[in-house]
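Subject: Structure handover

Hello,

Here is the structure we spoke about. My notes follow below it.

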Amino acid sequence: MVRDLGLEIESNEAMRRAIIERVDIDANNAGPASLFLPRGSKTAKSRLQDPADQVRRALGRGVALALTTEDRSRFAPEAPVIQVANLIETARRLAEIGRSRFGGTLLGITGSVGKTTTKDMMNHAFSFFGPTYATRGNYNEIDGVLMTLAALPPEARYALIEVCSTKPDSVPAKARFVQPHIGMVTVIGHSHGANYPSRYDILRDKLAMLDDLTGPRIAVLGRSVVEYDAAEENLLAGKSVDHLITVGQEKGDTVRLRDAELTGQETRVSVELDGRDYRIVVPFAGRQYVDAALFTMAGAYAMDIDLKQVAEVISATETGHRRGERIRVAVKDREDVVEVIDDAQNAAPESVRALLELVSLRDPGRRVLVFGDMLELGDEAEAMHDSLAEDIRAAGINVLVTVGPLAGRVAAPLKGGMEVHQFDTTDAALKKIRQIIRHGDLVALKGSGGLQLERILPVLAPQGRRNRAKAGWSVEQESGERPLPERSLSLVAPDVSAAAPAVSAPAASSGRIADFGAFLFRIGLKKGFKTSRFTTKVAANYLLAMRIGNRVSVGEASPRSIALTGDDRKLAGPFFKAARQLLVGREISAASPAAALADVRRLMARLEALAEQMAGEANREKPYRACLAGLDIMLLNGAAELHGMTLADFLGRQRPDVGVSATTLSVSDAVGKQLVESVRRHLQRYPACRAKGMSDTDRNIEILQAVRTVSREMGQDKIAWVDMNEAYTPDTAPALIARIAEEARAGTVGGTVILEQPVPKRYYKEMCELQAFATETTKGLDLDLLLLADESLWDLSDLKRLQAAGGCLAINIKVQKCGGLLKALEVAEMAVRFDPKTRIYIGGMIGTSDLTSRALLNLAAALQRFDFITSGPRANIKSHIVTEPLKWTNKTNRLPAQTGPGLGLEVDWTVVLEHVDEADKPQLHSFLASADIPAPVES
């Protein structure tokens, strides 16, 4: 290879013995048989490193030969070092030699954002199918590209060469050396915009990657690249491309994104490609990994690699250095532990928002954002920085640290809402950062690479006290026993083209919340509802209403007691007043359903933080769950109405409609034939009979026997379901289970039997042990005995606790206990992930209105798995607060298809005014007047 350069040199013994097998551009990776070229040419305003130091480091690692432009006298006479006049020119010649000898498939990749992440993911995935060579790090400038090509191993099957565009005509200068078989352009953004006259010039430069295609001439382009080009001068028409692969969300895209979900620690992606669906789980979180996964699949498709296996091996990918890398930091000279997300390699508005999305899904002691200037954005730099203030607020940032004058622009509008620290330089920030950080913090670093925000890490702790975070670890675990929250964020608008009922209302043009009110109302029950604990005769709920766009959207909250919902009517009033201050003036995006859902999640995160701030000693553990549930329903209802979608479609519909499984029979004195007749009437409509049980085992057995009798009459398998409401103890419950098994052997009880929460919730371990006992005791019998967790299960933390103890075969998810529909979706998903056979029941509260019923039915239609729901038309309330109460379809257990957006219900304000609390009437009149709703006449 050196002879091919035609260099005239004086060789020494080391050079004469040198055997060169590869070219290296990184001294840390160089070794024997390496030809080393120091990466240190002037690609920017200053040298990256002293080339002489790099050469000495490489010599220390035993390289066969090193080239340098430094004076030869700086090195020992016996060292295998050759001085050349121009290292870049030498690299050009070596690049041409390396490229000409390469016999595999070469993919060249460029794009404004995401190219390094995508290249690294492809490198990981493709290496499972053959020798793969890729650009190291982000060596994508001209010297890095040339030296990467010079080091190209002839025997590699796949090569991935990354190319950046920092100024006009920078891509063509590199592409003619790369000569890719496949040219990939991910996205056109604002990075390095200061160096280009317009964004179109950025597009023109990046599409030059396609000018030097060779072989199969395949282009892989993001959908936004294609559309932007079509809107400008249609440059693609002049490119010599034999096969075009597009990546996006449109039906015509080759690689089509069907679904994407972001959680605190992973990214889940569903892809359609070549008529097949692929499910990908990236083991770290971030919107950028959605695009990386899509383009990796596109690259594999272009290279004819097994797509199913590629989708699987992506799950073992590792994050790139300083690209969203999670680091556990044990702070020096303190017992504090913090988690740092180092995403400070570069920054643009899109990548900052992606990081904020990730941070908003976490629940640490505090969310700390260290935000540095985003450089090279051109004339729009100030406006782009200003635009991020609201995103930072919505992400729930507790502490903001700005570095640089541009980043400092967001500080002023955020002061008062969070702790803010401003610094002109990184050096100034380093002097104070240890004082700002405290135990349990999640610290996100984001700024352009030139600010070197990563220097914060050694200030916090030496290398030995900093480790890449292991999968499953989070800083939340360092703060007591708080688990990592299973929040998630959908990044794709749901596809509503399936068999979902059409809606008639148009989308509103604005999503600003102009007003909000909470109104306590009381409605009597036609018949008192008796359980093993109490009898309910009057139900008290809050009607929640917000004025958004050109309409009023509503929800319903049912704060029963601290023991049942983490709040009560006395606590709810002040909480809703504080919530009003948070909500009014906020925006729910009208741009797309996905953006609107993201906004609702951000608002709910802020409301959850408010609930924790206002919690007292009595409700500290699970505060204001019913209040949060009502707000969640109202916000989701409003967002769905904004986009003209049913709530189920907005959440991601899984089934066309839902049948009600049962309503609940109150405990009564009915025995014998009276009981059988009551059960018979119930089972004529429903597939299950749910009755309130008690501590009397004979009475509970009588209910089960009545269901068995009626099932045999009907010739159907009906489900017997007894809600025990904690009526038994861990000592007495085994006798009930044994008795049920005995009756099953006698044939008087059988089929599916559900025992709902037989023991108090504090006995959650015993509950799981009872399920194991029931499973063992009923082996070989015509009996499927399920213990259903109700009071033992409020939210994800309770579910994890149950699962750790062995789990139950069924769970009751109540939105008023977990805090809303979004939380219910998370609980259900985790339950099915733990055991796909887990039965999912969506339970309601006694005395709620049709608003809650319709919300729960929409939730059930959106669940991945759904088994039971008992929320249908409200037959036992004396008055309805909606203009068209829910009704059954003939004598079935189903309701007519919903035709309106959101919940599809309109409030009857006259009825509300009749039943609203006297103290809330003035506020209600004021709210209706602000919404231009005619004042109802009070009867």
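Start with Arg 334, which is partly exposed at a relative accessible area of 25%. Its side chain forms a salt bridge with Asp 336 (3.0 Å, N to O). Asp 336 is buried, with a relative accessible area of 19%, because the cut-off for buried is under 20%. Bear in mind that this is a predicted model.

The salt-bridge count comes to 59. Two others are worth a look.

In helix H3 (residues 87-101), Glu 89 and Arg 92 sit 3 residues apart, about one turn of the helix. Their side chains meet in a salt bridge (3.1 Å, N to O). Glu 89 is partly exposed at 35% relative accessibility. Arg 92 is also partly exposed, at 30%.

In helix H28 (residues 821-834), Arg 833 and Glu 829 are 4 residues apart, so about one helical turn separates them. They form a salt bridge too (3.5 Å, N to O). Both belong to a salt-bridge network that includes Glu 261, Glu 266 and Arg 268.

Now the helix packing. The axes of H18 (residues 569-583) and H20 (residues 625-642) come within 11 Å and cross at roughly 35 degrees. The crossing is right-handed. H18 contributes Ala 572, Phe 575, Phe 576, Ala 579 and Leu 583; H20 contributes Cys 627, Leu 628, Leu 631, Met 634 and Leu 635. These contact residues divide into 10 nonpolar, no polar and no charged.

H20 also holds Ala 639. Ala 639 is buried, at 0% relative accessibility. Beyond its neighbours within four places in sequence, Ala 639 contacts Ile 588, Ala 596, Val 600 and Phe 650.

Best wishes

Key. Residues are numbered from 1 along each chain as its sequence is written. This is a predicted model: local features need pLDDT of at least 70, side-chain atom pairs count only at pLDDT 80 or more; totals for chains, interfaces and linings use all residues. Side-chain values use heavy atoms; hydrogens and water are left out. Axes are lines fitted to C-alpha atoms, for helices over the stretch in contact, and angles run from 0 to 180 degrees between N-to-C directions. Helices (H or I, at least four residues) and strands (E, at least two) are DSSP runs, numbered from the N terminus. A crossing is left-handed if the near helix is turned anticlockwise from the far one by less than a right angle, and right-handed if clockwise. Contact means heavy atoms within 4.5 Å. Ala, Val, Leu, Ile, Met, Phe, Trp, Tyr, Cys and Pro count as nonpolar, Asp, Glu, Lys and Arg as charged, and the others, Gly among them, as polar. Buried means under 20% relative accessible area, exposed over 50%, partly exposed in between (1.4 Å probe, protein chains only). A salt bridge is a side-chain nitrogen of Lys or Arg within 4 Å of a carboxyl oxygen of Asp or Glu.
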